[in-house]
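Here are my notes on this model, in numbered points. Please have the coordinates open as you read.

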Amino acid sequence: SLWLLWTAGFAMPQLGYFHDDGLYAGTASALAEGRGYRIDSLPGEPWQVKYPPLFPLYLALGARWEPALLALTWALLPALLYQVWRWRNDPVLVFLLGWNVYSVVFSGTTLSEIFGAVLLLQTVRMLEAERTRAAALWAGLSYLARTAFLALPVGAVLWLLLRRKRREAAEFAAIFVPFFVGWNLWTATHQTPNVTGGSVYYLSYTRFFWENMGGGIWPEVLKANVESLVGSAGGALFFNSGTSFWEMNFARLLLFAAVAGWVRQWREKGWMPYPLLFLPYAALLTVWNFLPNERFLYPFVPLLLEGLLTEIRHLAAMLRKTWFTQRGATILFGTLAAAGAVWIVQRNALASWKYAPSLPLQYLEMKADREKAYAWIRDNTPAGANFLTYEDPSLRRHTGRHGIGIHAPTRFFYRNDMEAACAYHRGLIDNMRAENLQYVLIGPNDLSQDLTRETREKVLSDWRTRPDLETVYRNDRYLIRRLRPVQSGM
């Protein structure tokens with residue numbers, strides 16, 4: 001993680017790449033500057049009602065000075081490793097979590113994954129210590145860090161009921177409820193009225209959900225999400241491209257071993273809280289209208305690694321027992337296991353040292369062109385100009401201008417309907433006037449995480465050549481086009 005920061009020049013040039021990281025940093029800036037809990041990149045700077053406040057409040061401590069913001073972000077990783085050490089006192093588990101590529105990536109940008117994992121581990125530790133009230137308080141704080149942690153009290157109450165602790169289950173629920181009610185009262189009383197178009201993505205989880213889940217799409221969503229959940233859980237243990245037969249199936253084998261480790265622990269120790277917290281969380285991810293990738297699963301990576309280590313150590317104990325009675329088989333299985341362990345370390349090391357720094361390096365490479373485009377915007381557009389842009393938090397951070405990002409309905413991707421996706425993106429330009437947008441900023445990363453290469457090129461080609469837009473600025477990587485005024489009839 002320190003190598004990543006060194007490569008990036010102890011800065012976050014990639015801030016905004018994940019979009020959520022830019023929104024968190026922008027909301028933190030609004031708090032730090034006394035403008036309230038707002039989405040500072042969106043036109044009108046409406047109240048932030050999508051992301052709960054705890055993580056932006058933490059970032060606000062350093063939001064006005066980027067080195068301080070980076071320090072706060074990076075400090076969460078050693079805090080998480082310390083939590084894992086306190087949880088299991090297992091140096092191998094701590095090593096594997098710190099070596100994980102997602103630990104490295106998330107420690108270098110303002111995403112809430114590590115922050116949420118720290119609070120989740122504290123909740124688990126309190127539950128295992130049978131400090132129910134403290135666990136409920138930490139679960140409430142976890143929910144105020146990540147909305148998806150609404151699943152935590154379900155798992156915790158289930159764990160307590162399985163142990164016939166009904167009174168403690170009721171106490172846990174009673175302590176958690178005010179956190180839930182408080183945040184939902186805020187969102188209900190600070191909603192922006194008449195939200196339409198691209199702003200829906202920013203201002204309503206539930207409305208964006210229902211806009212995507214109609215028309216009998218549930219079977220496609222459930223199938224794709226279950227496949228993604230299994231693949232991402234394996235990918236969190238073994239970094240892979242998702243295209244190689246051997247890599248994908250080795251990752252699934254590791255996931256199977258992790259689950260076997262959980263079952264082994266259950267047989268030896270009885271029900272444990274961490275797996276029971278994971279079950280409702282995984283169920284929530286399965287029915288949600290986003291593919292559950294490794295980022296969504298990161299708070300449970302310590303659990304996956306612990307299950308995997310449990311099974312590996314069981315295998316090692318079996319091999320020691322069979323050494324004198326079945327030496328040939330022991331050598332064969334031992335060699336395979338050792339080769340697999342080397343492959344795990346090698347692949348995650350490669351990802352941590354090469355893949356993770358490639359993100360900031362990509363932005364450093366295009367820094368000069370991006371700054372030229374941003375400088376033109378600062379010098380040649382009015383302060384109230386609004387943009388259609390893929391990286392709207394970055395635009396706001398560097399130019400002071402507002403914008404609406406590009407977030408296509410996820411139903412297109414579940415149904416692999418690229419024609420509908422193209423039509424949607426064409427419609428974004430048609431709707432610019434209705435959403436009070438005057439400019440389009442087209443950059444090298446636009447739509448790269450959302451569309452296939454062929455579909456992306458179709459969309460960007462349309463945007464570059466549309467007659468209702470005029471080009472006002474261009475360099476090697478960036479293009480700025482302005483919406484032409486409506487021509488009055490004769």
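1. With 11 of its 13 residues buried, α2 is largely enclosed by the rest of the structure.

2. A word on the source: this is a predicted model, in which local features need pLDDT of at least 70 and side-chain atom pairs count only at pLDDT 80 or more, while totals for chains, interfaces and linings use all residues. Residues are numbered from 1 along each chain as its sequence is written, and side-chain values use heavy atoms, with hydrogens and water left out.

3. Back to the geometry of α2 (residues 20-32): its end C-alpha atoms are 18 Å apart, which agrees with the 18 Å that its 13 residues should span at 1.5 Å a residue. The expected span here is 1.5 Å times one less than the number of residues. Just after α2, G34 takes a positive phi of about 80°.

4. Is A258 buried or exposed? At 0% relative accessibility, A258 counts as buried. A258 is found in helix α14 (residues 245-269), and, leaving aside neighbours within four places in sequence, A258 is in contact (heavy atoms within 4.5 Å) with L237, L304, G307 and L308. From A258 to G340 there are 82 residues in sequence and 14 Å in space, C-alpha to C-alpha.

5. Do look at D369 as well, which sits in helix α19 (residues 367-380). D369 counts as buried, at 8% relative accessibility. Not counting residues up to four places away in sequence, D369 touches N475, D476, R477 and Y478.

6. For the whole chain, the secondary structure comes to 23 helices and 5 strands (DSSP runs numbered from the N terminus: helices are H or I, at least four residues, and strands E, at least two). The radius of gyration is 24 Å, close to the 23 Å that the globule rule gives for 490 residues, so the chain is as compact as a globular protein of that length. That radius is taken over C-alpha atoms, and the rule is 2.2 Å times the number of residues to the power 0.38.

7. Buried residues make up 53% of the 490 residues. Among contacts between residues at least 6 apart in sequence, 71% join residues at least 24 apart.

Notes
Buried < 20%, exposed > 50% of the residue type's maximum accessible area, 1.4 Å probe, protein only.
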